[in-house]
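Hi,

Here is the structure I promised to pass on. Have a look at it first, and my notes come after.

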Amino acid sequence: MNAIAKPAVSAYQLLIRYSNLLQPLVLLLLRLWLVDVFFRSGLTKIDDWDITLALFTDEYHVPLLPPAVAAAMATCGELGLSVLLALGLGGRFAAAGLFILNAVAVISYPALNEATRQFHYFWGAQLLTLLAFGSGALSLDAWLKRWLSARCEACGKVN
């Protein structure tokens, strides 16, 4: 390697090493950002159930589901899946569920303008990121994996 390439490669390797250290924090912040969006939406729905039912009856046109069922499923999904995502417990499952919920929202509410549609696309991309990479090292998923791994190793040593 020549004298110019060696320092460039070393600097790049250093950048990668320190960037990798940021990954758990970035995934945690991404999870918490999305939790804020979806959990608040769920809270808004339970704040006035009559208005929520009216919206699902008159405005949101969720395919194949009666409005009351769609409202209940959306609310439970936003609240329950957000809690799982915040904890990083079943993080990929929670991200997939919220992605589907987000996609149904875009499909079933034709009154979305271009700006609000862009928010949904942004959230969808973030949820796909969590689906692809998981909850990260700062999650209950990672803790459970480490714990189970240690238990399995201990079981293997005993036998």
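Below is what I found, grouped by topic.

First the ground rules. This is a predicted model, so local features need pLDDT of at least 70 and side-chain atom pairs count only at pLDDT 80 or more, while totals for chains, interfaces and linings use all residues. Residues are numbered from 1 along each chain as its sequence is written, and side-chain values use heavy atoms, with hydrogens and water left out.

**Annotated stretches**

The unreviewed UniProt entry annotates residues 21-39, 64-86, 93-111 and 123-144 as "transmembrane region". UniProt positions are in the numbering used here, feature names are shortened, and such annotations may be inferred rather than shown by experiment. In the model, residues 64-86 are 87% helix and 0% strand, with the end C-alpha atoms 30 Å apart. For residues 93-111 the figures are 84% helix and 0% strand, with 29 Å between the end C-alpha atoms. Helices here are DSSP runs (H or I, at least four residues; strands are E, at least two), numbered from the N terminus.

**Aromatic pairs**

I get five aromatic pairs, where rings of Phe, Tyr and Trp (its six-membered ring) pair if their centres lie within 6.5 Å; planes under 30 degrees apart are stacked, over 60 edge-to-face and the rest tilted. Phe 38 and Trp 123 are edge-to-face, because their planes sit at 65°, with the ring centres 6.1 Å apart. That pair links distant parts of the chain: Phe 38 is in helix 1 (residues 5-47) and Trp 123 in helix 5 (residues 114-133), 85 residues apart. Both Phe 38 and Trp 123 are buried (under 20% relative accessible area; exposed is over 50%, partly exposed in between, with a 1.4 Å probe and protein chains only). Ring pairs also join Phe 38, Phe 119 and Trp 123 into a cluster.

Trp 143 and Trp 147 are stacked, since their planes are at 15°, with centres 6.2 Å apart. These two lie four residues apart in helix 6 (residues 140-158), about one turn of the helix. Trp 143 is partly exposed at 43% relative accessible area, and Trp 147 is partly exposed at 40%.

**Helix 1 against helix 2**

How do helix 1 and helix 2 pack, by angle and axis distance? The angle is about 105° and the axes are 5 Å apart, so helix 1 and helix 2 count as roughly perpendicular. Axes are lines fitted to C-alpha atoms, for helices over the stretch in contact, and angles run from 0 to 180 degrees between N-to-C directions; under 35 degrees is roughly parallel, over 145 roughly antiparallel, 65 to 115 roughly perpendicular and the rest oblique. Thr 44, Lys 45, Ile 46 and Asp 47 of helix 1 meet Trp 49, Thr 52 and Phe 56 of helix 2, with contact meaning heavy atoms within 4.5 Å.

Glu 78 lies in helix 3 and is buried, at 5% relative accessibility. Beyond neighbours within four places in sequence, Glu 78 contacts Phe 38, Phe 39, Ser 41, Gly 42, Lys 45, Leu 98 and Leu 101.

Asn 102, in helix 4 (residues 91-108), is buried at 4% relative accessible area. With neighbours within four places set aside, Asn 102 touches Phe 38, His 120, Trp 123 and Gly 124.

Leu 64 sits in the loop between helix 2 (49-58) and helix 3 (67-87). Its phi is near 75°, a positive value in a non-glycine residue, and Leu 64 is exposed at 89% relative accessibility.

Cheers
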